[in-house]
Amino acid sequence: MEERAEEGHTQENGGSDCAARQPRTSPCTSLRMFLVALSFAYFAKALSGSYMKSTITQLERRFDIPSYLIGVIDGSFEIGNLLVIAFVSYFGAKLHRPKIIAVGCVLMSIGTFIIALPHFIIGRYEFETSVRWVVNSTLNPSPCRPDSPGNLTEDGTLPQVPASGCESESNLSMWIYVLLGNVLRGIGETPVQPLGISYIDDFATEENAALYVGCVQTISVVGPVFGYLLGSLCAKIYVDIGFVKMETITITPSDSRWVGAWWLGYLIAGVITLLSAIPFWFLPRSLPVPGPEVPEKCTPEQTSFIKGSPLLKHKYSADEHTSFIEMAKDFIPTLRTLLAHPVYLVYLCVTIIQLNSLIGMVTYKPKYIEQHFRQSASKANFLMGVINIPAVALGMFSGGLLMKRLKLNIMGAAKFAFGTSLIGYILSLFFFAMSCENAKVAGVTLSYDNIDRISYDKHPLFTDCNSKCVCSSSDWDPVCGENGITYVSPCLAGCTTSAGSGKNTVFSNCSCVGVAGNFTASTGHCPQKDDCDRMFPYFLALSVITSFIISLGGTPGYMLLIRCIKPQLKSLALGFHALATRTLAGIPAPIYFGAIIDTTCLKWGQKRCGGIGACRIYNTTAYRIAYLGLTLSLRTISFIICIPGFILLSRQLKEEERSAIHGALRNGGTELEVLRKEELVISNSDQPHHPSENSTDRQTRL
């Protein structure tokens with residue numbers, strides 16, 4: 001009896017679930033172990049997920065695919081969730097939740113390894129370049145190859161001839177492996193969130209549940225810090241490191257053709273995810289539900305009254321053994337009850353629209369930094385991991401702490417989440433003013449005749465200065481002229497000779513660079529970063545502030561979801577919420593964001609075997625308007641839907657308050673009747689047994 005009393009003991013302050021030292025198998029210790037294990041699982045899945053987003057430009061270039069197709073690959077993770085999440089959330093809540101989470105972590109790990117598999121199957125990465133690595137620089141061929149007009153097409157370009165070996169080269173089948181691996185990652189991730197959060201909320205005290213959820217979600221935001229840092233590190237390493245001589249690589253990480261060692265990060269993430277599965281195999285299926293401490297000398301009536309306390313109303317015991325057939329029959333009616341909840345439906349609509357905005361923005365933010373501010377992929381990922389993500393983590397933790405300190409109720413949490421989102425929205429409007437001038441590329445952003453004015457009209461790549469050269473219009477091999485203008489290729493710059501080797505190659509006698517025809521050009525883009533270097537720090541500062549403010553409302557908003565529904569529907573509500581957001585936000589958002597970004601492309605790359613490849617340069621003004629405009633338009637719609645949500649929530653709280661008052665009156669009457677019976681029993685035991693008095697007492701009671 002004393003051991004049971006110890007197991008049921010909980011500390012009443014918010015610091016811990018257990019006040020005294022407890023046995024090794026106490027519920028307090030098990031809950032802490034589960035909290036640590038779940039935090040590590042959140043860290044692992046967040047690391048691999050953020051690493052996926054940090055490699056989108058690497059995957060685009062490696063497999064020569066446009067942004068919308070990368071959106072399909074990114075959304076395939078959510079497709080995996082969609083396949084099983086409703087059933088895992090519903091049936092998993094009635095089964096062994098820790099072990100189901102462990103199986104999910106193993107599947108995530110296998111999926112991550114499959115994503116890295118194409119690197120070991122396909123050949124070496126080849127990019128278009130006229131620069132060659134040769135020992136004797138005097139043997140360099142001329143970039144400008146004079147040819148007879150008979151070999152030219154009608155528009156004056158060199159006819160496109162498919163490269164040799166195209167029959168055996170199938171990049172299409174390779175990116176399918178990435179997609180399938182990401183689907184398996186999504187299937188494995190399914191049980192972690194709904195089952196993990198519901199397990200904590202079931203077996204933690206009410207005042208600590210919000211703090212614990214805040215801690216777990218904070219750790220899940222720390223994961224992307226390491227994910228983006230890993231992405232930054234791998235983006236600096238050439239994709240075929242260890243298989244090629246690095247001195248033969250003629251491009252740098254800032255080049256739009258550069259592909260980093262994207263596969264290496266997936267191997268590391270897969271190992272970490274596999275390790276996160278181990279602790280869950282040793283955790284119990286359920287723990288004693290925390291509640292008020294029951295004195296040892298309680299009567300059965302008092303014990304049952306304490307156990308039925310409204311304080312435990314939100315706890316849902318997962319230790320109920322129900323047959324699978326009974327659970328299956330109850331699934332549809334339970335789901336119908338959940339979807340008939342008006343506040344839950346409004347909350348679902350708002351979060352779906354907000355997540356469309358958030359997922360699209362986060363997925364393409366590193367790409368936006370690369371293209372708009374002309375930063376390398378490595379630097380963009382580094383800044384995301386070191387500056388932006390920590391602000392989100394701090395905001396989510398602070399939101400959970402503020403909710404506990406301020407003791408916010410459901411309405412308070414809803415107002416807090418709405419207020420922080422609105423402030424972040426207003427601050428985000430200033431991003432429109434932070435613009436950079438597009439790179440000056442002859443024949444793309446400016447004409448050969450007027451190199452002082454950038455315009456996005458259709459400019460011809462061929463003009464009088466390169467008319468004697470037979471050039472390919474599809475090649476992207478930029479060189480920087482002495483006049484500060486970037487040219488698409490040395491051939492289109494009219495360069496007739498070259499000296500040096502590899503990255504140190506210098507092209508001379510470039511007829512398009514200068515009138516005299518004796519100007520030189522070097523490999524790569526021209527710097528032209530003065531205006532962007534001044535604007536970029538302001539962009540980063542505003543990005544940090546808005547991320548922190550918006551994430552302050554993350555934990556209160558999530559607790560609103562948990563508290564606005566009945567305890568029996570909690571796991572299903574969390575699971576269905578994840579299902580809906582992944583179906584209507586996680587899958588489509590990267591695809592249509594990517595498709596809209598593709599419309600701003602000015603110069604597409606060419607696949608080795610023909611066809612459009614990855615985009616080489618964007619119209620940065622159109623990119624900024626499309627990217628930011630779509631993000632903020634979605635948030636505007638979500639704010640409008642919040643208005644009826646607050647009205648419905650206010651009505652629900654009033655109805656619950658009336659029900660609570662009536663319930664308290666009924667419970668009070670029952671308690672009074674129990675106490676009267678106890679008084680009669682005590683008075684009967686104290687009085688002498690006289691038959692006449694006993695008969696009088698019976699008549700009085702009647």
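Me: Is S232 buried or exposed?
Reply: This is a predicted model, and in it S232 sits in helix 8. Its relative accessible area is 5%. Buried means under 20%, so S232 is buried.

Me: Which element of the protein chain has the lowest mean pLDDT?
Reply: The chain averages a pLDDT of 76, and 74% of the residues score at least 70. Helix 9 (residues 262–276) has the highest mean among the elements, 93. The lowest mean, 42, belongs to helix 10 (residues 300–307).

Me: How many contacts beyond four places in sequence does the model have for residues 148–162?
Reply: Over this stretch the pLDDT stays under 50. Where pLDDT is low, the predicted coordinates should not be read in detail. With that caution, the count for residues 148–162 is 16 contacts.

Me: Which residues of helix 14 are buried?
Reply: Helix 14 runs over residues 410–428 and reaches 27 Å from its first C-alpha to its last, close to the 27 Å expected. An α-helix has 3.6 residues a turn, so residues three or four places apart point the same way. The buried residues of helix 14 are I410, M411, G412, A413, A414, A417, T420, S421, G424, Y425 and S428.

Me: Which residue caps the N-terminal end of helix 14?
Reply: The cap involves a side-chain oxygen placed 3.4 Å from the backbone nitrogen of M411. M411 is itself among the buried residues of helix 14. The capping residue is N409.

Me: What separates the C-alpha atoms of R563 and N409?
Reply: R563 lies in helix 16 (residues 554–563), and with 22% relative accessibility it counts as partly exposed. R563 and N409 are 154 residues apart along the chain. Their C-alpha atoms are separated by 9.2 Å.

Me: Which residue of strand 6 stands opposite V506?
Reply: Strand 5 also pairs with strand 6 (residues 519–523), in the antiparallel sense and over 3 bridges. In that pairing, V506 faces S522.

Me: How many residues apart in sequence are the parts tied together by E189 and K45?
Reply: The whole structure holds 6 salt bridges, and one of them joins the side chains of E189 and K45 at 3.1 Å, N to O. E189 lies in helix 6 (residues 171–189) and K45 in helix 2 (residues 27–54). E189 is buried at 3% relative accessibility, and K45 is buried at 17%. The pair therefore ties together parts whose separation is 144 residues.

Me: Which helices hold D74 and K53?
Reply: The side chains of D74 and K53 meet in a salt bridge at 2.9 Å, N to O. Both residues are buried. D74 lies in helix 4 (residues 67–92) and K53 in helix 2, so the pair ties together parts 21 residues apart; the helices are helix 4 and helix 2.

Me: Which residues are linked with R257 in a network of salt bridges?
Reply: R257 forms a salt bridge with D477, the closest N and O atoms being 3.0 Å apart. R257 is in the loop between helix 8 and helix 9, whereas D477 is in the loop between strand 1 and strand 2, 220 residues apart. R257 is buried with a relative accessible area of 2%, and D477 counts as buried at 5%. The residues linked with R257 in the network are D255 and D477.

Note on methods
Residues numbered from 1 in each chain as written. Predicted model: local features only at pLDDT ≥ 70, side-chain atom pairs only at ≥ 80, totals over all residues. Heavy atoms only, no water. pLDDT = per-residue confidence, 0-100. Helix = DSSP H or I, 4+ residues; strand = E, 2+ residues; numbered from the N terminus. Contact = heavy atoms within 4.5 Å. Pairing = 2+ DSSP bridges. Expected span 1.5 Å × (residues − 1). Buried < 20%, exposed > 50% of the residue type's maximum accessible area, 1.4 Å probe, protein only. Polar contact = N/O pair within 3.5 Å; in protein donor to acceptor, adjacent residues only side chain to side chain. Salt bridge = Lys/Arg side-chain N within 4 Å of Asp/Glu carboxyl O.
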